[in-house]
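Visitor: Hi! I'm new to this one. Could you walk me through it?

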Amino acid sequence: MSDAKSSSEKVSSEMFMKPLTQLITPHLWFEKEAKEAAEFYCSVFPDSTITSKTTLHNTPSGDCDLVSFNIWGHPFMAISAGPLFTFNPSISFIVNFDPSREKHAREQLDEVWHKLSDGGTALMPLDKYPFSERYGWIQDKYGVSWQLILTNPDGEPRPTIVPSLMFVGKNCGKAEEAREYYLSVFRNAKPGSLFRYGAGQEPNKEGTVMFTDFMLENTWFASMDSALEHPFNFNEAISLMVCCETQEEIDYYWGKLSAVPEAEQCGWLKDKYGVSWQISPSVLDEMMTKGTQEQLDRVTQAFLKMKKFNIAELQKAFQG
């Protein structure tokens, strides 16, 4: 972690003077079901609500619905933008049901599992496992994957929702390397637990990551290696949105994370592991939610021409 710390310390402290709020938001790409799916998730999970709805006009995918919502206190965004990408389990969402926080955690877990099972597919059945008294991994009717776990209340507390990255195929064995890389990029970051595969756990190689977690900008993530045969890898169906206050921040994250030039478009990039990120100015969200339809249309046409976002140009388009 020393390399990660020294790299982070090189970043200007003034550049990152902001409140310690959640910075990284999972973004889900649907063909046309963004609103429907957001409403479904808000009906499945406790304390969940839709916070905004917007329609982007005249994009390459036509008119696109954009929805912001919270699932059990964790922010999400979703877009309906055509059948370009398909959800898969390379990025899933761990849901921690903690008996020390929720009196009826086990019953809540079973209820959520039942609701997600409607049209969904169990990837690991709901059962008792060595690491949890009750756990199951399910792909819902839209293809999004959830890992529901009855958390050991004696462990260090974690948020209710934790995005989880699975390193498979050519990425298998790189979960720890990726963790250290991400820890070096983000200034407010720390490692969590780390468990490795042991001998006799083939096809997984001894010493690779069975489970690890880490915090980036007050957002906890988990990751693991899997040497099993998986017909998928990271794609744009689920991306991670980094909210930036300044152009300097956008330039910094773009320079650190972008590794696939042909994937750069409209604030999107891919890192060296194939994980998709969106480096987006916070002011853009304000424009999208508070602007008139004419302002929204001008801003949309402006950012469709961009790769890395330019805040000054977006503001110019907004003001007309």
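Visitor: What kind of model is this?
Guide: This is a predicted model. Let's begin with the sheets.

Visitor: Okay, in what order do the seven strands of the open sheet come?
Guide: The order is β2-β3-β4-β1-β13-β15-β14, and the pairing is mixed. β2 (49–59) and β14 stand at the edges, where each has a single partner strand, so one side of each has no neighbour in the sheet. On average, neighbouring strands here are turned by 25 degrees against each other, direction ignored.

Visitor: And β4, is it enclosed or open?
Guide: Largely enclosed by the rest of the structure, because six of the seven residues of β4 (residues 74–80) are buried.

Visitor: How does β4 pair with β1, parallel or antiparallel?
Guide: Strand β1 (residues 24–30) pairs with β4 in the parallel sense, over four bridges. With strand β3 (residues 62–71), β4 runs antiparallel, and seven bridges join the two.

Visitor: Which residues stand opposite M77 in β4?
Guide: H27 stands opposite M77, and S68 stands opposite M77 too. Another pair to look for is D65, whose bridge partner in β4 is S80.

Visitor: What sits between β3 and β4?
Guide: Two residues, as β3 and β4 form a hairpin. W72, in the turn, has a positive phi of about 50 degrees.

Visitor: Which helix packs on this sheet, touching β13, β14 and β15?
Guide: That is α5, and its direction makes about 165 degrees with that of β15. The buried residues of α5 (residues 247–257) are E249, I250, Y252, Y253, W254 and L257. These pack against α4 (175–185), β13 (238–244), β14 (268–270), β15 (276–281) and α8.

Visitor: What about helix α2, which residues are buried there?
Guide: In α2 (residues 34–44), the buried ones are A34, A37, A38, F40, Y41, C42 and V44. Their cover includes β1, β2, β3, β4, α3 and β8.

Visitor: Switching topic: what is the strand order in the open sheet of eight strands?
Guide: Its order is β6-β7-β8-β5-β9-β12-β11-β10, with mixed pairing. β6 (121–129) and β10 (189–196) are at the edges with a single partner strand each, so one side of each is left without a neighbour in the sheet. Neighbouring strands of this sheet are turned by 20 degrees against each other on average, direction ignored.

Visitor: How many bridges join β5 to β8?
Guide: Five, between β5 (residues 91–97) and β8 (residues 145–150), which run parallel.

Visitor: Which strands does helix α3 lie across?
Guide: α3 (residues 105–116) lies across β5, β6, β7 (132–139) and β8, and runs at about 160 degrees to β8.

Visitor: Let's do helix pairs. At what angle do α6 and α8 cross?
Guide: Roughly 15 degrees, with the axes of α6 (residues 282–290) and α8 (residues 311–319) coming within 10 Å. The two are therefore roughly parallel to each other, and α6 passes α8 in a left-handed crossing.

Visitor: Which residues meet there?
Guide: From α6, V283, L284 and M287 meet I311, L314, Q315 and F318 in α8. By class, that contact has six nonpolar, one polar and no charged residues.

Visitor: And α7 with α8, is that crossing left-handed or right-handed?
Guide: Right-handed. The axes of α7 (residues 293–304) and α8 come within 8 Å and cross at roughly 150 degrees. Q295, R298, V299, A302 and F303 in α7 meet L314, A317, F318 and Q319 in α8. That contact has six nonpolar, two polar and one charged residues.

Visitor: What is phi like at N218?
Guide: Positive, about 65 degrees, although N218 is not a glycine. N218 lies in the loop between β11 and β12 (219–225), and counts as partly exposed because its relative accessibility is 29%.

Visitor: Last one: is C266 buried or exposed?
Guide: Buried, because its relative accessibility is 15% and buried means under 20%. C266 lies in the loop between α5 and β14, and its phi is near 55 degrees, a positive value in a residue other than glycine.

Note on methods. Residues are numbered from 1 along each chain as its sequence is written. This is a predicted model: local features need pLDDT of at least 70, side-chain atom pairs count only at pLDDT 80 or more; totals for chains, interfaces and linings use all residues. Side-chain values use heavy atoms; hydrogens and water are left out. Buried means under 20% relative accessible area, exposed over 50%, partly exposed in between (1.4 Å probe, protein chains only). Two strands pair if DSSP finds at least two bridges between them. Axes are lines fitted to C-alpha atoms, for helices over the stretch in contact, and angles run from 0 to 180 degrees between N-to-C directions. Angles under 35 degrees count as roughly parallel, over 145 as roughly antiparallel, 65 to 115 as roughly perpendicular and the rest as oblique. A crossing is left-handed if the near helix is turned anticlockwise from the far one by less than a right angle, and right-handed if clockwise. Contact means heavy atoms within 4.5 Å. Ala, Val, Leu, Ile, Met, Phe, Trp, Tyr, Cys and Pro count as nonpolar, Asp, Glu, Lys and Arg as charged, and the others, Gly among them, as polar.
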